[in-house]
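Open the model in your viewer and keep the selection tool at hand.

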Amino acid sequence: MDTLLEINNLSIYYQTKKAEIQAINNISFKVRKGEFIAIIGKSGCGKTSILSAIASLIPYEGKIIFYNKLLNQKATSFIGYMLQRDELFPWLTIEQNTLLPLKIKKMVNEKTISKVSSLLKKYGLESFQKSYPNQLSGGMRQRAALIRTLSFSPDLLLLDEPFSALDYQTRLSVCDDVYSIIKKENKTAILVTHDISEAISVADKIIVLTERPATILNEHIVDLDKSLTPLKRREQKEFAPLFEKIWEELHK
């Protein structure tokens, strides 16, 4: 697979009234096209800061290379960012919410509208296009949020703990849904999570971070059956040993 994204010697600092705090310390990794990467670490270690840097939302030191070129503001138009909560606007219908990025980017046309309608139909939300977010379940809202993120055809998806606001049972089901959609749409994704099981169940590769200022402690290739859903992968015999290994790394 070709390299889509390359992080070289990334460091991130935050300024407070009293001091400068380093969140990320000189990390490097690559993401290949079609790959699903999970970044895992303890709360507060700087995981989300990495996504924010890739999305050009915060300043950073080092290099971020996207499609073999230094990342710039124009390139970020090919990057979709899905937040912890669905952040659907309650006064807009599901259809209007999913079309919003296209309106902001001035990309609304017959072709893009047709694509969004097709995604809503394909992933079970066609009959809810005229509904409002409060009329949908948490899982359906998250599906709508992903379709909104996919509406402008980004090449890279950044997922910032997208299931954390859901109850455990819904979380498992929605994780399956979101993973299925990402794979069917042939997207590259980087997931930030503190949930070891979640990371193992979806990722091709897991990057384990140390405590802040975060460095890369280890990288694990996940050798599980890719034809299975994330939920079914949890039943494979290779799952538990990898879980234990990452648990030990995070709790040294």
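Select strand β6 (79-82) first: β6 gives the most to the lining of the largest pocket, with four residues. Strands here are DSSP E runs of at least two residues, helices are H or I runs of at least four, and both are numbered from the N terminus. A pocket is an open set of points on a 1 Å grid over the protein atoms alone, with protein on both sides within 12 Å along at least five of seven lines; lining residues have an atom within 4 Å of a point.

This is a predicted model, in which local features need pLDDT of at least 70 and side-chain atom pairs count only at pLDDT 80 or more, while totals for chains, interfaces and linings use all residues. Residues are numbered from 1 along each chain as its sequence is written, and side-chain values use heavy atoms, without hydrogens and water.

Stay with this pocket, which holds about 600 Å³ of space. A volume is the space filled by probe spheres set on the grid points, which are joined across faces, edges and corners. Of the 20 lining residues, Ile-79, Gly-80, Tyr-81, Lys-105 and Phe-152 are the closest to the centre of the pocket. Besides β6, the elements giving two or more residues are α2 (94-104) and α4. By class, the lining has eleven nonpolar, six polar and three charged residues. Ala, Val, Leu, Ile, Met, Phe, Trp, Tyr, Cys and Pro count as nonpolar, Asp, Glu, Lys and Arg as charged, and the others, Gly among them, as polar.

Next, select α1 (47-54) and β2 (20-32), which each give two or more residues to the lining of the second largest pocket. The largest share, three residues, comes from α1. This pocket has a volume of about 150 Å³, and its lining includes Tyr-14, Lys-47, Glu-161 and Arg-212.

Now select Thr-3, Leu-4, Leu-5, Glu-6, Ile-65 and Asn-68, which line the largest cavity. A cavity is a set of points where a 1.4 Å probe fits but cannot get out. The volume of this one is about 40 Å³, and strand β1 (residues 3-15) supplies four of the lining residues.

Last, show helix α4 (residues 138-150) with helix α5 (residues 168-184): their axes come within 10 Å and cross at roughly 25 degrees. Axes are lines fitted to C-alpha atoms over the stretch in contact, with angles from 0 to 180 degrees between N-to-C directions. The angle makes α4 roughly parallel to α5, a term for angles under 35 degrees.

Key. Angles under 35 degrees count as roughly parallel, over 145 as roughly antiparallel, 65 to 115 as roughly perpendicular and the rest as oblique.
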